Amino acid sequence: MKKPLQYIHIGVGGFGQYWCSAVLPRLRELGLAVPIAAVDINPDILRKAKTQLGLADNQLYTSAAQAIAEHKPDFIIIVVPPAFHEEMVDLAMRHGCHILSEKPIADTMAASCRIFCKVKKAGLKMAVTMSHRFDQDKQTLEREIKSGKYGQLSSLIGRNTWNYRKKDSWGKFRHEMADPLLVEGTVHHFDIIRALSGANAQTVYAVTWNPPWGEYAGDSNGLITITMTNGVRVSYEGNKASATTLNGWCQDYFRAECELATLELDNRRLRVMSDLNGERVITEKQLANQAAWTNAWLAEMFVNWLNGGEAPPNTLDDNIQCCALLFAAIESAHTGQPVDVQNFLQKNMKAVEQNLPRTKS
Ligand SMILES: NC(=O)c1ccc[n+]([C@@H]2O[C@H](COP(=O)([O-])OP(=O)(O)OC[C@H]3O[C@@H](n4cnc5c(N)ncnc54)[C@H](O)[C@@H]3O)[C@@H](O)[C@H]2O)c1
């Protein structure tokens, strides 16, 4: 059996607490990877992670630069707010470490394209934990649609509404940032939509706003229309300032209109419906089963990839399409115009490639 790989976990507060309690212990149990240091700018939360990860005092750092320079891990895990992702990726690249990062790749399209180009050029492996697409209910729906039993997929309808209207109820930084619904919420649903439709986005038209009762600096509501490259049409509603939570995290609503059946996922219940032979027939589908889902599954696939296994489905190549859809939707929301997502990606990638420093031959 291979020796466990060594990693540094950066950002142990907020969602990093979920990693420390539910994701990282499994990597150790599987004998795949062990932590050699943890980093957070908050020393109090570092002390909690020390116990959770079984680390010594000299393995706790408030500076990622110092931790990576001193330990030279095989890979780093980034769970800090998106605006700091590029800084962490740059540190990893300086020391030749692979990268497993929380979504999105970065907080802007330009930074996402820079990370994409730099990591590719350095020949390093990077995957992005866009976790909700890899949850049991969405995976079951995706597998059903792709089974071919229901004929061609024509359209998808998605809905996620939450009562997170009060200040800080959805984490402080999300109430202060621009476009919180799209960047921190809908980004997952864009990824799910790509997976369910089996295609990337061709065009997106997004209308976003914040109602008077939403305690947000940016837009907390959105109505979005997307046409995928394979012609599948999508309609999506997101609302972070709703009076009630109808489909919150992990309880998504997605309806897939296929030629021979309507598939409806609502609060982790999947039903297949059709009246095509007279009376409506409703079939409840059992959700698929496997050892792990979401981040735990993604972390396992990432380490297997580093060990020479096949690339996981959430590599940088895959996720840059999700970023393109996200930032094209933001452009659409800001300009009021539909945006061609593939042109948007090419244009941004070209601009970044032209500005990256040339390596001397
Ligand atoms: N996949 C998911 O379902 C999911 C859910 C929540 C958050 N996230 C992602 O996780 C990341 C972190 O979000 P969060 O909600 O945990 O944020 P947060 O602000 O609640 O916590 C971030 C942690 O990082 C630390 N930190 C901030 N800057 C740092 C730096 N420069 N160096 C070291 N530590 C630093 C903070 O002290 C804090 O402990 C984001 O990319 C977010 O999008 C993903």
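Residue numbers start from 1 along each chain as its sequence is written. Because the model is predicted, local features need pLDDT of at least 70 and side-chain atom pairs count only at pLDDT 80 or more, while totals for chains, interfaces and linings use all residues.

**View 1. The two domains of the protein chain.** Domain 1 takes in 5-132 + 293-315 + 329-355, and domain 2 covers 133-285 (bounds from an automatic or database domain assignment). Their centres, taken over C-alpha atoms, lie 25 Å apart.

**View 2. Where domain 1 meets domain 2.** Here 22 residues of domain 1 are in contact with 24 residues of domain 2 (C-beta atoms, placed from the backbone, within 7 Å). On the domain 1 side, α9 (294-306), α10 (316-335), β15 (339-340) and α11 (341-355) each give at least two residues (helices are DSSP runs of H or I, at least four residues; strands are runs of E, at least two; both are numbered from the N terminus). The largest share, 4 residues, belongs to α10.

**View 3. An open sheet of 9 strands.** Follow the order β14-β13-β12-β11-β7-β10-β9-β8-β15, with mixed pairing (two strands pair if DSSP finds at least two bridges between them). β14 (281-285) and β15 are the edge strands, each pairing on one side only. Strands β8 (201-209) and β9 (221-228) run antiparallel over 8 bridges, and V204 sits opposite I226 in β9.

**View 4. Helix α6 on the sheet.** α6 (136-146) packs against the sheet, touching β7 (153-161), β11 (253-258), β12 (262-266), β13 (269-274) and β14. Its direction makes about 175° with that of β12 (axes are lines fitted to C-alpha atoms, for helices over the stretch in contact; angles run from 0 to 180 degrees between N-to-C directions).

Technical notes: Contact = placed C-beta atoms within 7 Å.
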